[in-house]
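Hi everyone, thanks for making time for this. I'd like to walk you through one structure today, so please have a look at it while I talk.

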Amino acid sequence: MPRSKLRYALLGVAAVATTVLALAVAVLAGSARAGALTNNWYASAPYLMPESNNPPNPTTVMAATGQKAFQLAFILAPNGGGCSPTWDGTSPISSDTVAGNVINSIRGAGGDVSVSVGGYGGTKLGQTCGSAAATAAAYQQVVDKYGLKAIDFDLEEPEYENDAAVANELGAAQTLQQNNAGLYISVTMPGTAAGTGWFGTQLLDKAKAMGFTPNNFSIMPFDGGFNGGSSQTSALEGFHGLLMSHMGWDSTTAYNREGFSGMNGKSDASEFFYQSDFQTVLNYATSHGLARFTFWSVNRDRACGSSTDNGICSNVPQNDWDFTKFTTQFAGATPPDQPPPTSPPPGGGTCSATAWSATTAYNGGAVVSYSGHSWTAKWWTQGDIPGNNGQDVWVDNGAC
């Protein structure tokens with residue numbers, strides 16, 4: 001080979017090597033960034049629908065506001081029924097790329113995401129999965145798929161009024177907490193002038209009886225006859241009292257486990273919440289040591305133009321991302337939360353074996369932990385839930 005061609009070939013090899021090294025460094029940097037946020041950012045993460053309601057570019061919002069985390073919504077059961085997780089009831093987690101690309105872009109910009117399950121519309125997994133264990137297995141797929149460090153259980157009608165469905169959701173949340181060390185969990189429910197209604201207090205009683213404590217219980221004080229920030233802080237104060245009486249907490253603990261999830265602009269019930277109302281609630285949240293301050297939604301955090309669709313704009317005078325800036329302020333004013341005390345799911349203690357995953361293939365003899373028990377696989381298996389499959393693949397070794 002002529003020397004000149006050899007020189008260019010060597011330069012080409014060097015360039016390729018440099019590119020490969022740069023890509024490797026970028027991948028490692030991205031991996032280091034993913035999930036590296038302190039949980040005050042997950043506590044401030046505003047809701048964003050990545051696959052509907054004209055989603056904005058989250059990195060644009062991050063650059064304009066300083067917000068580092070978003071609460072991606074919503075994981076639901078398939079519209080046709082079943083116990084497999086989907087985005088909005090239509091896009092299976094197993095094959096989805098849209099939300100994954102959004103998550104990668106956020107992490108590439110130094111941020112991270114929480115994922116919200118449930119919400120107001122569609123069918124929830126707690127309604128269609130036959131048990132808390134099956135519900136937990138469905139959500140574990142989401143945690144594993146996206147490498148989540150945070151998840152939100154948004155429990156609303158009609159699931160909220162279904163005792164069995166709520167038991168499945170809370171049981172799933174407790175199992176995820178047990179099997180995913182450090183996972184940040186919020187539980188969000190409707191708000192009333194008294195804090196929350198009868199179904200909300202039943203939810204608290206059920207969590208108490210289970211020994212389940214999430215990072216926070218949050219209420220949504222809108223769509224219920226509210227009028228501005230003062231009515232919302234009054235509801236939060238009422239909810240504080242309910243947390244004390246139903247969870248058995250002292251005043252400080254109740255504030256430190258309480259959260260606010262608002263709605264910016266015009267609500268579905270034609271209430272109006274302006275920037276000044278968000279400031280009122282933010283002042284209350286930071287002065288009382290509340291655990292969470294978020295809102296629905298970033299998709300709506302912009303002024304309306306030719307369309308007044310309440311899903312994509314706020315219907316109040318504003319600049320783009322005005323309301324998101326309040327969540328950034330909350331994260332900056334709030335120290336990282338200490339994890340809540342955890343208790344094992346019913347029937348077990350602390351397990352040393354690796355937690356079972358629906359996406360992992362196991363050979364015969366593999367030992368996993370699930371729902372507070374240790375299990376041994378009889379033969380090769382994937383996706384069979386320990387204790388919940390007709391083939392009896394897993395041998396229950398007992399509580400661990």
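Let me begin with a question: how do the residues of the lining of the largest cavity divide into nonpolar, polar and charged? There are 5 nonpolar and 3 polar residues, and no charged ones. Before I go on, please keep in mind that this is a predicted model.

Now to that cavity itself. The structure holds 1 cavity of 30 Å³ or more, and the largest cavity has a volume of about 30 Å³. If you want to find it on your screen, look for Ala136, Ala137, Gln140, Thr175, Leu176, Asn179, Trp356 and Tyr370, which line it. Two elements give two or more residues each to this lining, namely α6 (132–146) and α7 (163–179).

Next, the largest pocket. Its volume is about 640 Å³. The lining is made up of 30 residues, and those nearest the centre of the pocket are Tyr120, Glu156, Phe222, Asp223 and Asp268. Here the elements giving two or more residues are β2 (69–76) and β9 (258–263).

Let's turn to the backbone. Most peptide bonds are trans, and most residues other than glycine have a negative phi.

Where do we find cis peptide bonds? One runs from Ala73 to Phe74, with omega near -5°. Phe74 sits in strand β2, and β2 is one of the elements I named for the pocket lining. Another cis bond joins Glu157 and Pro158, again with omega of about -5°. Pro158 belongs to the loop between β6 (150–154) and α7, and α7 is one of the elements that came up for the cavity lining.

Then there is phi. Asn54 is not a glycine, yet its phi is positive, at about 45°. You'll see Asn54 in the loop between β1 (47–48) and α3 (58–65). Trp321 also has a positive phi, near 70°, and is a residue other than glycine. Its place is the loop between β12 (292–296) and α12 (324–333).

So which of these two is buried, and which is partly exposed? Trp321 has a relative accessibility of 10%, so it counts as buried, the cut-off being under 20%. Asn54, with a relative accessible area of 49%, is partly exposed.

Note on methods: Residues are numbered from 1 along each chain as its sequence is written. This is a predicted model: local features need pLDDT of at least 70, side-chain atom pairs count only at pLDDT 80 or more; totals for chains, interfaces and linings use all residues. Side-chain values use heavy atoms; hydrogens and water are left out. On a 1 Å grid over the protein atoms alone, a cavity is a set of points where a 1.4 Å probe fits but cannot get out, and a pocket is an open set with protein on both sides within 12 Å along at least five of seven lines; lining residues have an atom within 4 Å of a point. Grid points are joined across faces, edges and corners, and a volume is the space filled by probe spheres set on the points. Helices (H or I, at least four residues) and strands (E, at least two) are DSSP runs, numbered from the N terminus. Ala, Val, Leu, Ile, Met, Phe, Trp, Tyr, Cys and Pro count as nonpolar, Asp, Glu, Lys and Arg as charged, and the others, Gly among them, as polar. Buried means under 20% relative accessible area, exposed over 50%, partly exposed in between (1.4 Å probe, protein chains only).
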